[in-house]
Amino acid sequence: MSARGVVLAGVGGQGVVLASAVLAEAALQSGFEVKQSEVHGMAQRGGAVVSHIRYGDTVASPIVPLATADVLAGFEWAEALRWLPYLAPGGALVVDARRIVPPGACRDHRRWGVPYPPLDPTSIAGRTGAVVLIDATGIAGTLGNVKAANSVVMGAVSRFLDLSDAAWEKAIARFVPPRTVDLNIEAFHAGQQAETLDPADIPELGLDPLPERHYHIDVNEAWCKDCGICPSICPEFCLALDDAHRLVVVDEEACTGCRLCEVLCPDFAIRIVTPVGAQGGAR
Amino acid sequence: MTIVDIRPHLREWAMPHVLCAGCAHGIVGRAFLVATDRAGIDPDRMVVVAGIGCSSRLVGYLDFCTLHATHGRAPAFATGVKLARPELTVAVFSGDGDGLAIGGNHLIHAARRNIDLTVVLFNNEIYGMTGGQVAPTTQRGAIASTTPRGNTEPAFDSVALMIGAGASFVARASASEPFTLERIFTEALTHRGFAFVEVLSDCPTYFGRYNRLGDGPEMLAWLTRQDSRVAEPLAAKRVVDHLPIPEAPPGLDLGVLHREERPVFTGRRSG
Amino acid sequence: MKQSRLIQGNEACALGAVAAGCRFYAGYPITPSSEIAEYMARHLPEEDGVFVQMEDEISSLGAVIGASFAGARAMTATSGPGFSLMQEHIGYAVMAEAPCVIVDVMRAGPSTGRPTSPSQGDVMAARWGTHGDHPAIVLTPASVTEIFELTVRAFELAETLRMPVIVLYDEVLGHTRETVELPPRVEIAGRRTPRVAPTEFRPKEAGPDGVPPLPAFGDGYRFHVTGLTHDERGFPTDEAEVAGRLIRRLHAKVEAHRDDIVEVETLLCDDADIVIFAFGIVARAAKEAVMVARAQGLRVGLLRPRTIWPFPDREVAKITAGASVVLVAEMNLGQVVREVERAVAGNARVEGLFRADGEAIDPEEILQALAPDLEGAAR
């Protein structure tokens, strides 16, 4: 059998690493050679975590090559999208519909958050085979512990892999905390049977995007010597020297609060001020 | 890391400061203030001693006890302050001419004693306050008002000097990296023993003008290139055909370059 | 309790310093003053004080000034070549108004000169050695006991007037052993501290006597000290009016206390036709000469300044008013003699007896110098 590849992606705290250990063990129990590699994007709760598992008669590399994964399991929608390029054409996508915004993703500096992608499987139509969208967290909660959501996801994943239930159950028993073995096995089977949701039935993402932060660039004109350093280093071009070589704030709206101008001002003349009342008000 | 507002640590009534537009010394001073705040130092118990020169003038704007001493002698004054009142945190601001030429003797002996001081040496490769004369740190080939044909003397490596003299914490940082400066200053201020931090700074008014390195913004970029990790020799930057080509500086190692624990001199019977 | 013992002049100096509350000494070895440092190194730690041997005399006085701003009564001691190096910081101490005591045990110069031989060649260096217009207080003891007393006195003047005070004596006195009775402690007036809140404090704002209060670093007053000409906030200024006000105040505070600072001692001057003006070790020889002359019925007296700077010009004028000759004996080629001439202002003939070969002036030399005038004194 040629090697099979599975990519598990989620954020810290979702049990991605444990789930990948279970899968690896299940494959091992089934007599395959297994290689597994995990990447913790950020060593903190909430940071992106991805794990690659490959198994087969012989496996050389632990890394799933691009566009070859048989299954991509997204414990989180945005993370699933992020790793989509690894999925083979026609590969299966399993996704927990519960959405979490990873804190480190901050393409929009002002909100320190990504514009969260809409949960819309049709947007990736043609790039995947089967799409299984389940409320893994909700199912696990019904069973008694939301932490078992990873087992629910793995149950759904098992539909696309040729590993016996016995192997899965043995692997679960080996890795989850002893008192939660039964719960996780129950969750695993619930995941095997879970019906794919219609996105239309999924409530709008209960995610509060951070309000936009507006920063005030407080320039003490009496101290500023118009040296030109801040306009030269401002990444958003908020500051400029005018024709008279005087410093002017030209685009305060664009300020992302990076404070480079403040820390590189030799004249102590700039302070970046978050208006009082704004979320995360710095001062 | 919390954001530190440094204005409460400034003598606002004395501002704006006397340094030229674009001179990076103020960036260093700001990072130092952040570090004193982060290190949790009571401003009433912080003393900053300075020698003579541009960098030394900065201390007048810091709202601590500030002692603007004589040329090169700041380590001696600081020694007196620290020995007489050990519970004070004592730092020294010095320039390259101040600390390495006229004050070299005091610097090496303060390091040898391992007295609990933090010395910040601003290296802008020139005497700024007196009008751009060559300094002990001026790169070979560089132009100063007293080396109109290019400096023929080699430059001092203050870090090697300080390690040799016995400083127990030695670091080099660049004014172009203020966040690193904040971190290194915090470590230096909390180090028990003699801590020395050379900061690569600039002088757009003289060194920049004489050597055609541009104004403040350009010189900040030039500072970045002094770092051995990204070294781009002065020679490559200069477009001065009629002048001798300066010897390419090797680039300087940045970061905390030496750290050890060794007995601290207190001048008292009970250490 | 006073204790009678035989000690050296340099040791008396150190004892006086400790008795006056000196708790910081920084110095550099130099003959003939090193015994002061050695004594301090032994005894200051017992008083919870600090001794540090610095890398040179420049840094020694620098450290002393630093310690002074940190609140310590602080001193250093040196001799000619080291005294030259200290001039930089004597000026700084004047300008920044740092209380401190500097002892110069004079040896024969210029330059390295004769390290183990006495001289009085630094008397003008003590007054004018540092650049710029500055006041000076210089005390000139003439015995081991007086070295103790005037060292104590130097601390009191330094602390109360916020300035450097110099104790000036020579190698012979420094190494002379005499039996003395010295108190272990002497209470002296200290520096005045501010009465206003830190936010109201202006570090160079003086009271009517011209002396600004001085808090120690670390006592809650965050202030700036500089050797640059500065305003009442202690901050550098380029305003001529402010600059002039500062320099005049530095002098005025000494002038305001002048009568307290200046001390002279006279011996048989009331009826003297010849007054010998001598200080330090030469005054000892002059005293002997006076006694010999008086034994011969000659009207000779001695005027001995314990304070050489500010110069006791009014005292000299008054005490020599009835004399026809004033003989100035000093171990140099004529430094103080001009000050005496200025004070005497032509009311008497001023003669000089000078010696600059590293040997002390003895009583016989003084008597010989007086010989041409002794006839008049005999009348």
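How many helices and strands does chain C have?

## Chain C as a whole

Chain C has 13 helices and 16 strands, where helices (H or I, at least four residues) and strands (E, at least two) are DSSP runs numbered from the N terminus. This is a predicted model, in which local features need pLDDT of at least 70 and side-chain atom pairs count only at pLDDT 80 or more, while totals for chains, interfaces and linings use all residues. Residues are numbered from 1 along each chain as its sequence is written, and chains are lettered from A and ligands numbered from 1 in the order in which they are written.

Along its principal axes, the C-alpha trace of chain C spans about 70 × 45 × 40 Å. Of the 379 residues of chain C, 58% count as buried; a residue is buried if 20 or more other C-beta atoms, placed from the backbone, lie within 10 Å of its own, exposed if 12 or fewer do, and partly exposed in between. Among contacts in chain C (C-beta atoms, placed from the backbone, within 7 Å) between residues at least 6 apart in sequence, 76% join residues at least 24 apart.

## Where chain C meets chain B

On the chain C side, 35 residues are in contact with 33 residues of chain B. The elements of chain C that give two or more residues to this side include strand 2 (22-27), helix 4 (80-96) and strand 10, and helix 3 of chain C gives the most, with nine residues. By class, this side of chain C has 21 nonpolar, ten polar and four charged residues, where Ala, Val, Leu, Ile, Met, Phe, Trp, Tyr, Cys and Pro count as nonpolar, Asp, Glu, Lys and Arg as charged, and the others, Gly among them, as polar.

Eight strands form an open sheet with mixed pairing, in the order 9(B)-7(B)-8(B)-4(B)-3(B)-1(B)-2(B)-10(C), two strands being paired if DSSP finds at least two bridges between them. The edge strands, each of which pairs on one side only, are strand 9 (255-259) of chain B and strand 10 (224-226) of chain C. Strand 10 of chain C pairs with strand 2 (residues 65-68) of chain B in the parallel sense over three bridges, and B:Thr66 stands opposite C:His224.

## The nonpolar cores

A nonpolar core is a set of buried Ala, Val, Leu, Ile, Met, Phe, Trp, Tyr and Cys residues joined through C-beta atoms within 7 Å. The largest such core has 234 residues, and those with the most contacts inside it are B:Val49, B:Val81 and C:Ile276; its largest share, ten residues, comes from helix 6 (residues 144-161) of chain C. Not counting residues up to four places away in sequence, B:Val49 touches residues including B:Leu67, B:Phe77, B:Val81 and C:Gly66.

## One residue of chain A

A:Val219 is found in strand 7 (residues 216-219) of chain A, and it is partly exposed because 19 other C-beta atoms lie within 10 Å. A:Val219 and A:Ile272 are 53 residues apart in sequence and 8.7 Å apart in space, C-alpha to C-alpha.

Key. Two residues are in contact if their C-beta atoms, placed from the backbone, lie within 7 Å.
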